[in-house]
Amino acid sequence: MGIDRLVMIKSVSLKNNGICDDHEREILALLSITKVRNLDLSCNNINKLAGHIGRKLRDEVTHLRWFDIT
């Protein structure tokens, strides 16, 4: 992912970006990037993926300060 190369990245907004359950691998990889502190995935169609995101947030992710999945 190219985001790893962005040294100053702190926030990622993918609001209303057409993301669906088919993008599971990319979104879960994005959650693993520790320099991203704020993530907006709102207004996307991620029904099944939301469960995977919830488990990852519960078990692994501690670096996010703000996260929107509404």
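Which residues does Asn-44 touch, not counting residues up to four places away in sequence? In this predicted model, Asn-44 touches Leu-14, Lys-15, Asn-16, Asn-17, Gly-18 and Ile-19 under that condition. Asn-44 sits in the loop between strand E2 (38-40) and helix H2 (47-59), and Ser-42 is found in that loop between E2 and H2 as well. The points below cover the chain as a whole and then these two loop residues.

**Fold and dimensions**

- The protein chain contains two helices and three strands.
- Along the sequence, these elements follow the pattern β-α-β-α-β.
- The radius of gyration is 11 Å, close to the 11 Å that the globule rule gives for 70 residues, so the protein chain is as compact as a globular protein of that length.
- Taken along the principal axes, the box filled by the C-alpha atoms is roughly 30 × 25 × 20 Å.
- Of the contacts between residues at least 6 apart in sequence, 80% join residues at least 24 apart.

**Surface and charge**

- Buried residues make up 33% of the 70 residues in the protein chain.
- The protein chain carries 11 positive and 9 negative side chains.
- The centres of the positive and negative sets lie 7 Å apart.

**Asn-44**

- Asn-44 has a relative accessibility of 16%, and it counts as buried because the limit for that class is under 20%.
- The side chain of Asn-44 reaches two backbone nitrogens: that of Asn-17 at 3.0 Å and that of Gly-18 at 3.1 Å.
- Asn-17 and Gly-18 are also among the residues that Asn-44 touches, together with others including Leu-14 and Ile-19.

**Ser-42**

- Ser-42 is buried, with a relative accessible area of 2%.
- Leaving aside residues up to four places away in sequence, Ser-42 touches Leu-14, Lys-15 and Asn-16, and also Asp-68, Ile-69 and Thr-70.
- Ser-42 and Arg-55 are separated by 13 residues in sequence and by 18 Å in space, C-alpha to C-alpha.

- Relative accessibility is 16% for Asn-44 and 2% for Ser-42.

How values were computed
Residues are numbered from 1 along each chain as its sequence is written. Side-chain values use heavy atoms; hydrogens and water are left out. Helices (H or I, at least four residues) and strands (E, at least two) are DSSP runs, numbered from the N terminus. The radius of gyration is taken over C-alpha atoms; the globule rule is 2.2 Å times the number of residues to the power 0.38. Buried means under 20% relative accessible area, exposed over 50%, partly exposed in between (1.4 Å probe, protein chains only). Contact means heavy atoms within 4.5 Å. Lys and Arg count as positive and Asp and Glu as negative; His and the chain ends are not counted. The place of a charge is taken as NZ of Lys, CZ of Arg, CG of Asp or CD of Glu. A polar contact is a pair of N or O atoms within 3.5 Å; within protein, one must be able to donate a hydrogen and the other to accept it, and residues adjacent in sequence count only if both atoms are side-chain atoms.
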